[in-house]
Amino acid sequence: MRIYLDNAATTPLREEVIEVMYQCLKEKFGNPSSIHAEGRKARAAIEEARKTVAHLLGASTGEIFFTSGGTESSNMAIKGAVRDLGVRRIISSPTEHHCVLHPLEVVRKQGVQIEQVHLDRRGRINYDHLEQLLQQSNGAKTMVSLMHANNEIGTVHDMERISALCQTYGAIYHSDTVQTIGHRTINVSKTKIHFLSGGAHKFHGPKGCGFIYINNEVQLKPFMDGGGQERNMRGGTENVYGIVGMAKALELACENMDSYRSYIEDLRSYFMHQLQERFEDIQFNGDYDGDYLHTILSVSFPPSPRSELLLLQLDIAGISASGGSACSSGAETGSHVLNAIQAGPERKTIRFSFSHFNTKAEVDYALEKLAGLVQAKKEPANV
Ligand SMILES: Cc1ncc(COP(=O)(O)O)c(C=O)c1O
C-alpha cells in the first residue's frame, strides 16, 4: 500500500486529463504552425486551451502565454521586467521558491537592487515594511515579486493588499502562484497584477507545461528567439498535448474548487488534531491556523534519534511526504524557508501535502505508521 502525501511537490494526473491528452496525442499530431488541416487542428486545440485558461483567471486570451512551467514563467517575469520594463529595484522575500530567488541573484549581478521584506515567524509579510520599501524607491522603477502561497509551509500572502500597495506606488507586481492556481480563486480582472506564474503539475495536469499571465499594459520582448510561436514570445513548437491537458486540469480544478477545498480542509484538520492528541511536543510551521493553503501542513517533530530518519522510514512504511529542516550546523544549509522563519534547527520537519484523492483511511494509516516512529504522548498518571 502506498499513500501519497506529497501533493505540493507534484500531483497525480487525473483520468480525464490523461484521456484528453491521449486523444490529442493520437489525433492532433500536426505542427500548430502548419497551414494544412492537421496543423490547423493542433492550432485550434491550443487556442481553445488558451481561452479556457484565460477565462478561468479573468484574463484575456492575449495575456496568456504557454511555457514549460512555473520556473520558466518566473524567470520570464523577473528577467523580462529588468530587461524590457526598466525595473531597477525588486522587493521580494527570503521564503520565495528558488525559481524566483535564483533569477533575483542574476539580476542583482546586473546592478538591480534587491530588497527583502520582513517576515514574522509564521512567514507572514510585514505589510508596513513592504509599504516603507515601496516609499523608498527614489524614482527607481520597482517590481514586487511575492509568491501567493509558500510551497513548504503553506503561508498565504494577501494578493489584494500587495496589489493595492503596488498600485499606490506605481510598482510592477509579479506573483508566483504555482501552489495556488486551481486551489484558490485568482481573478486578474479584480486584482491588478502584471505577471502570474503557473505550472500544470500542481493541479493534476502534466509536468513540463505551465503558463505566464502578462497584463496587457506591459510588453516584454521575446524570451526565446526562434520560430515566433506564442505570439513571438517563446519560439519552439508548442507542447500541444501538455497545453490541452493543462487546460482540462484547470477547468476541473476550478469547477470543483469549493468542494475539494472543504474536503481537503477536513482531512488536514483531522490530521493536525490527531497529531497533537497522540504525539509528544508537535509543532506546526507557517500560518497553520490563520491564512494557510489547505493542501499543505508542515509538521515539526521534537528532536530524537528516532526522528532523524523519519522521512525514509515513512517511505519504507509506504508513505510519501517531503522533508526539510532548518540549518542545524554550519556545514549544511537546510531549508531556506525554515531558516528564514527561524524554525527550530534541532527539530525534524516533514511537509505533508494533500489532494482530493486522499482519504481519511489513508490519513489514519499514516498516523498509525507514525505511532511506531515518533514519541507518543505520555498517558496521564492514574491517581
Ligand atoms: C511555489 C513554487 N514555485 C515554482 C515551482 C516550480 O514550478 P515548475 O516545477 O512548474 O517549474 C514550484 C514547484 O515546486 C513551487 O512550489
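Which residues are around the ligand?

A: First, the ground rules. This is a predicted model, in which local features need pLDDT of at least 70, side-chain atom pairs count only at pLDDT 80 or more, and totals for chains, interfaces and linings use all residues. Residues are numbered from 1 along each chain as its sequence is written.

Around the ligand sit Gly69, Gly70, Thr71, His97, Cys99, Met147, Asn151, Asp176, Val178, Gln179, Gly199 and Gly210. A residue is near a molecule if its C-beta atom, placed from the backbone, lies within 6 Å of it. By class, this shell has eight polar, three nonpolar and one charged residues. Ala, Val, Leu, Ile, Met, Phe, Trp, Tyr, Cys and Pro count as nonpolar; Asp, Glu, Lys and Arg count as charged; the others, Gly among them, are polar.

Now the helix pairs. Helices here are DSSP runs (H or I, at least four residues), strands are E runs of at least two, and both are numbered from the N terminus.

Gly70 and Thr71 are in the ligand shell, and they also belong to the α3 side of a contact with α4. Cys99 is another shell residue; in α4, Cys99 takes part in that contact. Helix α3 spans residues 70-84 and helix α4 residues 98-109; they pack at about 30°, with axes 9 Å apart. Axes are lines fitted to C-alpha atoms, for helices over the stretch in contact, and angles run from 0 to 180 degrees between N-to-C directions.

Two residues are in contact if their C-beta atoms, placed from the backbone, lie within 7 Å. The α3 contact with α4 has eight nonpolar, four polar and one charged residues.

A second pair is α2 (residues 37-57) and α7 (residues 240-255), packed at about 30° with axes 9 Å apart. α2 and α7 are therefore roughly parallel to each other. Here the crossing is left-handed. Among the contact residues are Ala42, Ala45 and Ile46 of α2, and Val240, Ile243 and Val244 of α7.

Finally, the domains. The domain assignment, which is automatic or from a database, gives domain 1 as 3-9 + 256-371 and domain 2 as 15-255. Their C-alpha centres lie 27 Å apart. Domain 1 gives 23 residues to the contact, and domain 2 gives 23 residues. On the domain 1 side, β10 (296-301) and α10 (336-340) are the elements that give two or more residues. The largest share, four residues, comes from α10. This side has 10 nonpolar, 10 polar and three charged residues.

Methods:
Parallel < 35°, antiparallel > 145°, perpendicular 65-115°, else oblique. Left-handed = near helix turned anticlockwise from the far one by under 90°.
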